[in-house]
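The following exercises concern one protein structure. Please work through each task before reading its solution.

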Amino acid sequence: MAPTLRCPGVVLVWLFAVVLSVGPVAEARTTLVKGEGGWSLQVDGRPHVAKGVTFSGSAGSAAYEQDCARLAALGVNTLRTWGVGPQTQPLLDAAHKHGLKVLVGLWMRHGQPGAEDDDSFDYLTDTAGMKKQREDTLESVRRYKDHPAVLAWGVGNEVILNSPNDAAKEAYARFLEGVVRDIKKVDDAHPVISVDAWVLAVKWWEKLVPSLDAYGLNVYGRGLQALPEALREEGATKPWLITEFGAQGEWDAPKDERGVPREPDDREKYAVIVDAWNTLLAPHVRAGDCLGLFVFNFSSTFDHTSLWLGMLSGKSTRPAWHAVREAYTGQKPQPPLPEVGALVVQGVKKETSGTWADVAFEVKDPQGRPLDISFAYNFRGAATRFERGEVIRLRATPGATPNSWRVKLPSVKGPIKLYGLAKDASGNLMTATTSVRTSSAP
């Protein structure tokens, strides 16, 4: 069964097509070296600090070469995936052509439905299921281990987080140790990393998975500054990578009076990435504790998660795109990005479904260029994962005064997140958000 590319709050379909590599290629060996200056990840003896992004692609494998070229121009040198399948080969080929390495994800099933997956697997009793996962994982390693774009293996993603109890966490950790050992028997040329949320898995890794070479930590927001101390408290003894990073996530954000998580504004989304790399992580990279960073996520979907955290939304670039470039190269956006202020629904806090509302949206272009203004909504009372992620465009007309609009509210009952969208002539998309609780349709 084709795996899916999972990420917080969304399941992105990771479609693959079996493709054989073109011509022989020379394997590149990755080693993890501990010296007086701490740990160093090295490729064929040369240090490699991951300046990375997580990767879903903009338009399938046909666009991988263009994607990799664009990312290389941002200063990115490493991609991270969540699972393998037929699209893995063309991605590795495109990455190698443009000088990028790939932390290749090896998906492990989750023990309960959660923020990023609806699976439910029993690591305590499902012997046949564990055997199949182990066999599938080793087959993937055998297939791709000799490709020169492979940097390391990333086994699992937030499985400890999505395990129902300590017994299940322990059972998974013991299973993981066996898988890691088997990977190393098949491939001694690439380190093996496991990935989980924050430091929740560290005590299990330290106690039960000694064969891991390094730890992958998914961390969001400015809580990153507390990470080194949290790792010390958990007794971490191995180097680590930040395997997902971005602005404070929906799962951590405080809620407004309508129960809708408050999304950080675009300026904060930009600043948190630049500060993470240049200020918070830089000392740990120099000390050899931190092996690199992966900003979430390179994908062209237009949905709740991409607008909150993504580098792209559709064909437009978001603040994270420009923040990645500044973090890895020092280059700021030119021309400057549009300046977006508050988004306010005028009048009462509860509006009638399907009616027109007066909306104030503060936005300007620093160079005075015209902006394409539009509006959309996300229904927060939705039942399914797809519905919770769906962002739908709304009809709107200019209001009587500058920065005012008439927006037709959707015919739904309950809380919605309202988006003000401003796109400039360079394809940069900036947003502001607020919430509205709609009553019954008229």
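Two strands pair if DSSP finds at least two bridges between them, strands (E, at least two residues) and helices (H or I, at least four) being DSSP runs numbered from the N terminus. The model is predicted, with pLDDT of at least 70 needed for local features and 80 or more for side-chain atom pairs, while totals for chains, interfaces and linings use all residues. Residues are numbered from 1 along each chain as its sequence is written, and side-chain values use heavy atoms, without hydrogens and water.

**Exercise 1.** Determine how many bridges join β3 to β4, and state the strand order of the open sheet.

*Solution.* Step one: six bridges join β3 to β4 (residues 38-43), and the two run antiparallel. Step two: Gly35 is found opposite Gly38 of β4. Step three: the open sheet has three strands in the order β3-β4-β5, paired antiparallel. Step four: β3 (30-35) and β5 (46-47) are the edge strands, as each pairs on one side only.

**Exercise 2.** Decide whether Ser140 is buried or exposed, and list the residues that Ser140 touches.

*Solution.* Step one: Ser140 belongs to helix α3, residues 127-144. Step two: Ser140 counts as buried because its relative accessibility is 13%; buried means under 20% relative accessible area, exposed over 50%, and partly exposed in between (1.4 Å probe, protein chains only). Step three: leaving aside residues up to four places away in sequence, Ser140 touches Val84, Leu106 and Trp153, where contact means heavy atoms within 4.5 Å.

**Exercise 3.** Describe the second largest pocket by its volume and its lining.

*Solution.* Step one: on a 1 Å grid over the protein atoms alone, a pocket is an open set of points with protein on both sides within 12 Å along at least five of seven lines, a cavity is a set where a 1.4 Å probe fits but cannot get out, and lining residues have an atom within 4 Å of a point. Step two: the volume of this pocket is about 580 Å³, a volume being the space filled by probe spheres set on the points, which are joined across faces, edges and corners. Step three: 29 residues line the second largest pocket, and those closest to its centre are Asp265, Asp266, Arg267, Val340 and Thr431. Step four: β24 contributes the most to this lining, with six residues. Step five: the lining has 13 nonpolar, five polar and 11 charged residues (nonpolar: Ala, Val, Leu, Ile, Met, Phe, Trp, Tyr, Cys and Pro; charged: Asp, Glu, Lys and Arg; polar: the others, Gly among them).
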